[in-house]
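Please look over the sequence and the structure before reading on.

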Amino acid sequence: MLVSIIIPCYNNARYVGQTLRSALSQSYPYIEVIVIDDGSTDKSIDKIRPYVDRITLIRQPNRGAPAARNNGLRVAKGKLIKFLDADDILLPDAIDKQVKQMKKIATQGKKIVYGPVQWIDQFNNPTNTYQPRPRKAGACRVAHILAESPLTSAPLHRKSYLDQIGGFDESIPKGQEFDLHLRLVLNGVEFVYFNQQVYLFREHYTNTRISHLNFRKHTPETFLKIFSKQEKLIQHHFNGVLPPPIRELLARRYWTYGRKMLQSNYPEASIIYFERAKLLFGNKAVFGNFPYPQMAKIFGPVRAESWTSKLKAIRS
């Protein structure tokens with residue numbers, strides 16, 4: 001069964017060669033590698049060119065990671081899809097293992113597989129790794145994906161499932177994989193966890209990283225519209241009545257982004273996020289580490305955020 005590995009690249013000359021080598025050296029023999037250069041202005045193309053006879057290269061004006069991935073998805077010939085960012089490293093037997101896992105669950109309904117990830121720094125050194133927890137038997141799939149959505153390259157997707165939901169939402173500037181996974185689950189797809197490491201995820205922030213965008217680059221309303229749209233989809237899934245665990249998870253997300261708005265100097269916009277959180281979860285909708293929740297309940301989130309920032313500065 002052919003697997004299409006789709007790699008969007010924007011100004012990743014430093015790492016894209018290593019990423020390509022990891023994709024092309026898979027122990028699984030039936031792969032195609034599709035690279036979408038998203039209008040790079042550095043020497044990414046120079047690093048890609050030595051592999052051009054072994055890959056499909058698409059060049060497009062800069063439109064962002066979701067558009068680049070969708071472009072790759074449109075030309076992909078494989079029934080299975082692996083998304084891989086241009087600075088990450090696919091482990092040599094990752095595809096082989098995940099194809100075998102997919103075969104194990106092939107007759108069990110609408111399912112895809114995913115696995116754990118090792119985080120690394122810019123020098124390939126292992127860093128603190130956060131792993132989403134597998135879903136417990138009987139636990140709500142929607143609640144689980146809201147709380148424990150895997151990173152972009154952790155799952156091995158079925159192309160048909162991605163096509164059914166229209167691929168990535170190209171209007172979302174950040175958290176596109178979260179939205180994709182949520183819509184897959186709402187469309188009946190189950191994520192099945194296998195405890196076999198998949199890839200090395202490079203955690204670093206630069207101005208040109210294709211999937212890392214600063215909150216200051218987007219209006220405060222951008223994420224509010226995205227969250228509202230997702231909330232409506234979830235509400236429709238539950239026939240108009242959100243279960244309490246879902247309300248809590250959505251409230252936590254609104255509150256978290258309200259804090260991010262404050263940290264990006266949008267105090268007025270942050271209040272909208274805090275109010276949406278309270279509408280969903282009442283006075284319990286205050287989330288953060290001690291002593292932030294206590295301060296926020298007494299003095300309000302704006303003053304609490306200011307004092308929390310000062311405390312962090314003192315401790316550092």
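**From values to terms**

Q: What makes Arg259 count as lying over the face of Tyr292?
A: In this predicted model, Arg259 lies over the face of Tyr292, at 3.6 Å from the ring centre. A charge sits over a ring if CZ of Arg is within 6 Å of the ring centre and within 35 degrees of the ring normal, so the value of 3.6 Å meets the distance part of that rule.

Q: How do you know that Lys110 lies over the face of Tyr161?
A: Lys110 is placed at 5.5 Å from the ring centre of Tyr161.

Q: Why are helix α9 and helix α10 called roughly antiparallel?
A: Helix α9 (residues 244-263) and helix α10 (residues 267-281) pack at an angle of about 170 degrees, with their axes 8 Å apart. Angles over 145 degrees count as roughly antiparallel, and α9 and α10 are therefore described with that term.

Q: Which classes of residue make up the contact of α9 with α10?
A: By class, the contact has 15 nonpolar, 2 polar and 5 charged residues. On the side of α9, the residues that meet α10 include Leu250, Tyr254, Trp255 and Arg259, while on the side of α10 they include Tyr273, Phe274, Lys278 and Leu280.

Q: Why is the pair of Phe227 and Tyr254 called edge-to-face?
A: A search of the whole structure finds 12 aromatic pairs. In the pair of Phe227 and Tyr254, the ring centres are 5.7 Å apart, which is within the 6.5 Å needed for a pair, and the planes stand at 80 degrees, which is over 60, so the pair is edge-to-face. The pair links distant parts of the chain, with Phe227 in helix α8 (residues 220-237) and Tyr254 in helix α9, 27 residues apart. Both Phe227 and Tyr254 are buried.

Q: What makes the pair of Trp255 and Phe274 tilted?
A: Trp255 and Phe274 have 4.4 Å from centre to centre and 50 degrees between the planes. Planes under 30 degrees apart count as stacked and those over 60 as edge-to-face, so the value of 50 degrees falls among the rest, which are called tilted. This pair also links distant parts of the chain, since Trp255 is in helix α9 and Phe274 is in helix α10, 19 residues apart.

Q: How do you know whether Trp255 and Phe274 are buried or exposed?
A: Buried means under 20% relative accessible area. Trp255 has 1% relative accessibility, so Trp255 counts as buried, and Phe274, with a relative accessible area of 1%, is buried too.

Q: Which residues are linked into a cluster by ring pairs?
A: The cluster consists of Phe223, Phe227, Tyr254, Tyr257 and Tyr273.

Q: Why is helix α5 said to be largely enclosed by the rest of the structure?
A: In α5, 6 of the 8 residues are buried, so the helix is largely enclosed by the rest of the structure. The buried residues are Val142, Ala143, His144, Ile145, Leu146 and Glu148, and they pack against β6 (111-114), α7 (176-186), β9 (190-193), α8 and α9.

Q: What makes His144 and Ala143 count as buried?
A: His144 has a relative accessibility of 11%, which is under 20%, so His144 counts as buried. Ala143 has 15%, which is also under 20%, so Ala143 is placed in the buried class. Leaving aside residues up to four places away in sequence, His144 touches Tyr114, Arg133, Pro134, Arg135 and Ser149, and Ala143 touches Ile246 and Leu249.

Conventions:
Residues are numbered from 1 along each chain as its sequence is written. This is a predicted model: local features need pLDDT of at least 70, side-chain atom pairs count only at pLDDT 80 or more; totals for chains, interfaces and linings use all residues. Side-chain values use heavy atoms; hydrogens and water are left out. Axes are lines fitted to C-alpha atoms, for helices over the stretch in contact, and angles run from 0 to 180 degrees between N-to-C directions. Helices (H or I, at least four residues) and strands (E, at least two) are DSSP runs, numbered from the N terminus. Angles under 35 degrees count as roughly parallel, over 145 as roughly antiparallel, 65 to 115 as roughly perpendicular and the rest as oblique. Contact means heavy atoms within 4.5 Å. Ala, Val, Leu, Ile, Met, Phe, Trp, Tyr, Cys and Pro count as nonpolar, Asp, Glu, Lys and Arg as charged, and the others, Gly among them, as polar. Rings of Phe, Tyr and Trp (its six-membered ring) pair if their centres lie within 6.5 Å; planes under 30 degrees apart count as stacked, over 60 as edge-to-face and the rest as tilted. Buried means under 20% relative accessible area, exposed over 50%, partly exposed in between (1.4 Å probe, protein chains only).
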